[in-house]
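The following note sets out some points for a colleague who is examining this model.

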Amino acid sequence: MRPLLRAAAFAAYTALGCLAAPFLFLSPRLRQGWRQRLGLGLPGPCRIWIQGASAGECQLIQSLMPHLPAVSTLATTCTAQGLSILEKTAAGGPFHPRMLPLDLPPLMYFTLKRIRPAVVVLLETELWPGLLMACAMLRVPVVVLNARMSSRSLGGYLFLRPLLPPPAAIGAISPGDALRFGLVFGHGRVRITGNIKFDRAMNAPLLERRGNPLRHLIPEDDWFVVLGSVREEEEEAVLALVRMLRELRPACIVGLFPRHMHRTGPWMEQLAAAGIPAVLRSSLNSPARPGTVVVWDRFGELGAAYGLAGRAFVGGSLARLGGQNFLEPLSQGVLPATGPHTRNFDWVGPEIFVSLVRKSGDIGTLARELAAPAPPRTEVRSQAEAYIAARAGATKASASMLGPFLK
């Protein structure tokens, strides 16, 4: 970017940001950690500044830290959930979790002057214009790791290309993502490192029934199906799925996990209107009765529920929402079924839908999959581990890209 154009972009983006900032703070979510969002309470100099948008990217930071040098590191995020994950991250050397300051170029400039990092690391698609502009002005190299860019967003980045100073290096998760980043920033900056998420996919141990904290709620001999991470936009289709599943297996117990907890009440109303017996998880202190839908209103129990399930459906996939994580049930040795919309997990590869995950937009087909006998858990887990192992190694490859900038 020519200096005059860069200065104009810096000024225009700053002006727009200053106009928008007061309205941003009307959001309760953005008011969380507002002091840190204004650049207050920064630590001293750090060799690395690494940014992950939310919980998913902060889990990638957890994976990367053991492979990075034990140097002072600032780790930032945009959400309270991400900050909670960073605060629990064990890392060598000083590790400073913070909220990301607002993406105003002067504020990012001030933050960089305070932190003085040798390198700024952005994860996936964290291409903040204000931060990139400030890094360019101070000549701080930027490295994008686990980089992904959809075909849909490519047009927008091509439009913004004159305003986005290019990163020094980009580690892309796939050839397609490498091509798209190369079109925006130049192919010479991009290499394919694979996806760090593969290195995390089977981290959860196979949970035996005797050690499962939910075992007293689901009788061992009853057929238990989990409907995980169900989104509001697909509730009508999932209700039809519950009806058909009950026709195929009238005595089955269904564990229904809304993606957002405020939907538990509406789900209870819908099930009552449909004449389907239902109970909230929080009121269940004894084994669930056969033929009951248990609407889960407690956080953090989905993994344990997969550990008791015969089959599982993973939501966010019957509407155009991109799908939720179907690797979680596989880690517990459970064959999952999904709807047709799984864009969020395209990185896993299409082969998995041939061997391990059943994908369909037909409710009858999905119901029959969920009613089918379950193969041995150890067999499913072993197949999933083999699939993942063939695609692992991205964490070390990504971490190695930072070496030249830290010497």
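How far apart do the C-alpha centres of domain 1 and domain 2 lie? The points below begin with that separation.

1. The model is predicted. In it, the C-alpha centres of domain 1 and domain 2 are 34 Å apart. The domain assignment gives domain 1 as 32–195 + 393–405, and domain 2 as 209–390.

2. The largest nonpolar core comprises 39 residues. Those that touch the most other members are Phe224, Val226, Leu327, Leu330, Val348 and Ile352. At least two residues of this core come from each of the following elements: strands S8 (224–230), S9 (253–258) and S12 (311–314), and helices H13 (302–306), H14 (327–331) and H17 (377–389). Apart from this core lies another, of 31 residues, which includes Leu74, Cys78, Ala147 and Val184.

3. Once neighbours within four places in sequence are set aside, Leu327 is in contact with Ala201, Met202, Trp347, Val348, Ile352 and Ile388.

4. Helix H9 spans residues 175–185. Its buried residues are Asp177, Ala178, Arg180, Phe181, Gly182, Val184 and Phe185. Among the elements that cover the buried residues of H9 are strands S5 (142–147), S6 (169–172) and S7 (190–192), together with helix H8 (151–160). Gly186 follows H9 and has a positive phi, near 105°.

5. Is Ala75 buried or exposed? Ala75, which belongs to strand S2 (residues 73–77), counts as buried because its relative accessibility is 0%. Not counting residues up to four places away in sequence, Ala75 touches Ile50, Leu86, Phe95, His96, Pro97 and Arg98. Between the C-alpha atoms of Ala75 and Asn203 the separation is 22 Å, and these two residues are 128 residues apart along the chain.

Conventions:
Residues numbered from 1 in each chain as written. Predicted model: local features only at pLDDT ≥ 70, side-chain atom pairs only at ≥ 80, totals over all residues. Heavy atoms only, no water. Core = buried A, V, L, I, M, F, W, Y, C linked by side-chain atoms within 4.5 Å. Buried < 20%, exposed > 50% of the residue type's maximum accessible area, 1.4 Å probe, protein only. Helix = DSSP H or I, 4+ residues; strand = E, 2+ residues; numbered from the N terminus. Contact = heavy atoms within 4.5 Å. Domains from an automatic or database assignment.
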